[in-house]
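Got the model loaded and a cartoon view up? Let's go for a short walk through the inside of the protein.

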Amino acid sequence: MAMQQQVSPIGRDTVRVDGPQKVTGVAQYTSDFHFPGMLYAVPVGATIAKGSITWLDTKPAETMPGVVAIFHRANIGKIFRSIPGPGFSGICEERRPPFEDDIIRYYGQYIALAVAETFETAKAAADAVVTTYASEEPNVEMQLEADDEPDEVMTTFGPMKRVESERGDPQSAFASAPVKVDHTYATPFETHNPMEPHSTTAIWEGSSLTLYESSQGVVNLRGVLAQMFGLPVENVRVITKFVGSGFGSKLWPWTLCPLAAAAARQVGAPVRLVLARKMMFHAVGHRPRTQQRVRLGATREGKLLSLQQDYVYTRSMLDAHHEGCGEGTPFAYSVPNLRVTFGRARRNIGGGADMRGPGRVPGLYAIESAMNELAHELNMDPVQLRILNEPKIDESSGLPFSSRHMVECLQVGSEKFGWSKRDRAVGSMKRDGLTLGWGVAGCSWIAARFAAAGYVQLRDDGSCRVASATQDIGTGTYTNLAQLASARTGIPLDKVEVELGDTAFPEGPISGGSMATPSLVNAVFAAADQAIESLKTAAVSAPGSPFANHKAEDLAFEKGAMFHKKDSIAKGVPFSELLRHAKLRMVTGKGQSPASFGNPEPKFSTQSFGCHFVEVTWQPEIARLRVSRVVSVIDAGKIINTLAGRNQIQGAVVMGLGMALLECTEYDRQNGAPINSSLADYLVAVNADAPAIDVHFLDYPDKEINEIGARGIGEIGLAGIAAAITDAVHHATGVRVRELPVRIEDLLV
Ligand code: MOS
């Protein structure tokens, strides 16, 4: 029979399926779960950044009414170190378990933990712990020079060569190039500051541990805790139903998780630990500071001859977080001679961490800024310069790109922005008494899959259920999974239930690297297919079923109902009815898809691309700088949810505005404390700062990534935007700022 073609839920504006739960307050974030007998923990943080504890006096705190225990090195019990395993497992940035020794490496390092019947008592007890230190002068120096280290260094994810990428002879090509730029760009320490602070609640039942945690990766967290407490992974369960964002700070577990778990083990009751905003600046990561020297050599016509990027970033005394600023460099442009190197500089600051677009965001700020400066040197249009140097293949690997439409991004962006009206002369463009500045930059982000698994159930109440041990950090994963299951089964979106954030489900990906959704596509499709196959088997074997004694392969499942391909036996039997005939509550299909990330023999270079066009307004009389208008064009394959997708890019652009003009964590030279450790003093871009943002997606499905051709979009929107803004600032003011954030005083010249 002729089927009415159903409109696919893929590639459409789709409102969040979890929206009503969020706006009505039904959605349960980690610290919304309450347990009988639960106790509250508040950590004591070191008030020096370098030295050691000489005396810890817990007596005054212990004797306070309502205090259950004050934990420290002598009484917390054994916590083992976790080590990385295959895939993304066993990963944490600060590998040293809390309280392992009395050495202080950074301000805010946990030295004790107060546990009490109420949060207020625990806070008072933590404040009453008296600590004496042997203090030394901390190193929080902002000027970076690489530490003396070997050519290959160990990082969180394994060994890395400090010469990251090399081809041709970049030094002599640079020396003989007719046109050169040679500048150093710096990006500051930035602190993630998600709305929801980090939070852990630990519950022991015998030798089984359940952790409610605000996490971007429940599966890895389970593995890390199993190692830290010497448990089989089956004995650990991690639950994360809703996350008030993370930006990378919740990707890998921090020391507060084992602390809460160890305390709960000792007191024999559930223990909750929620960080105060101030503590969010200490021991849960930040984007490291970077200094990047970029040298470009080109012909007078603008053809690149040489590209060198030498960067240094900070790390803590404990971690080996790698801030890969060179990640997007080797294939950004066609250039025969190239070299990318890095070095690291240890500081007495808490562990660095992935922060939205780690590595590539600061990296592309430097590279794209240098390209804009080269265009200026050449008196050439920066869009033309980029098009002239567009590579045909990934020249670092020699592989073709699976799908690259950078030139089209630039052309579409130029058109939408009105770039052809740009007058290149500094300060020459005016509107309504304001000086305008226009800038542009390109961007890219890796596209790949992590290993992912999930299940899809067709249930006798007419609902479809999808589940995976991944999590929605606010980006729309619940909705994407509902769309995927709906697309594959034809069951309408409002009949699809999604369950995430529980390690009891099949192992899903981290919400990181913009890879959660692309990783899950094939897994959900395979699970749906398997569930449908089981339903067909049930339909032909159940007595009383309209399809009894037919062949399963003659059946087709469309719009949530079963049809016979050849005979019109029945007019589409709903799956719930078939399940009832078969006396089944449900059929379940499991699906999984392998990782493509880290594939040692890739056939393609898989990346997403894009560009940003930015307008700033400048009022020199009152030194007022605003970002007024942004056009972003993104080539990220097929966009599954265009509404959430645009929101991701808009959010990233606003965050990029913060990166360019506002965000910077400052450290006190005397005690190493982050000084502006509050949301009043650490400035992030807010609604009032947000410009008009026009997001446009190209629509080229990339089937290398998954069946739909969807790549990720969480992070790419932040890449490049700061370079476009600083170029616009230069165009308006004539001032080239090479150290972020741009401050008003930089422009008062
Ligand atoms: Mo993102 S920094 O991979 O959470």
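A cavity here is a set of points on a 1 Å grid over the protein atoms alone where a 1.4 Å probe fits but cannot get out, with lining residues having an atom within 4 Å of a point. Points are joined across faces, edges and corners, and a volume is the space filled by probe spheres set on them. This is a predicted model: local features need pLDDT of at least 70, side-chain atom pairs count only at pLDDT 80 or more, and totals for chains, interfaces and linings use all residues. Numbering starts from 1 along each chain as its sequence is written, and side-chain values use heavy atoms, leaving out hydrogens and water.

First stop: the second largest cavity, about 60 Å³. Select its lining, including His198, Glu213, Trp252 and Trp254.

Next, go to the largest cavity, with about 90 Å³ of space. Pick Leu364, Glu368, Arg404, Cys443 and Phe609, which are among its lining residues. Colour helix H7 (360–378) and strand E19 (434–446), since each supplies at least two lining residues; helices (H or I, at least four residues) and strands (E, at least two) are DSSP runs, numbered from the N terminus. E19 gives the largest share, 3 residues.

Technical notes
On a 1 Å grid over the protein atoms alone, a cavity is a set of points where a 1.4 Å probe fits but cannot get out, and a pocket is an open set with protein on both sides within 12 Å along at least five of seven lines; lining residues have an atom within 4 Å of a point.
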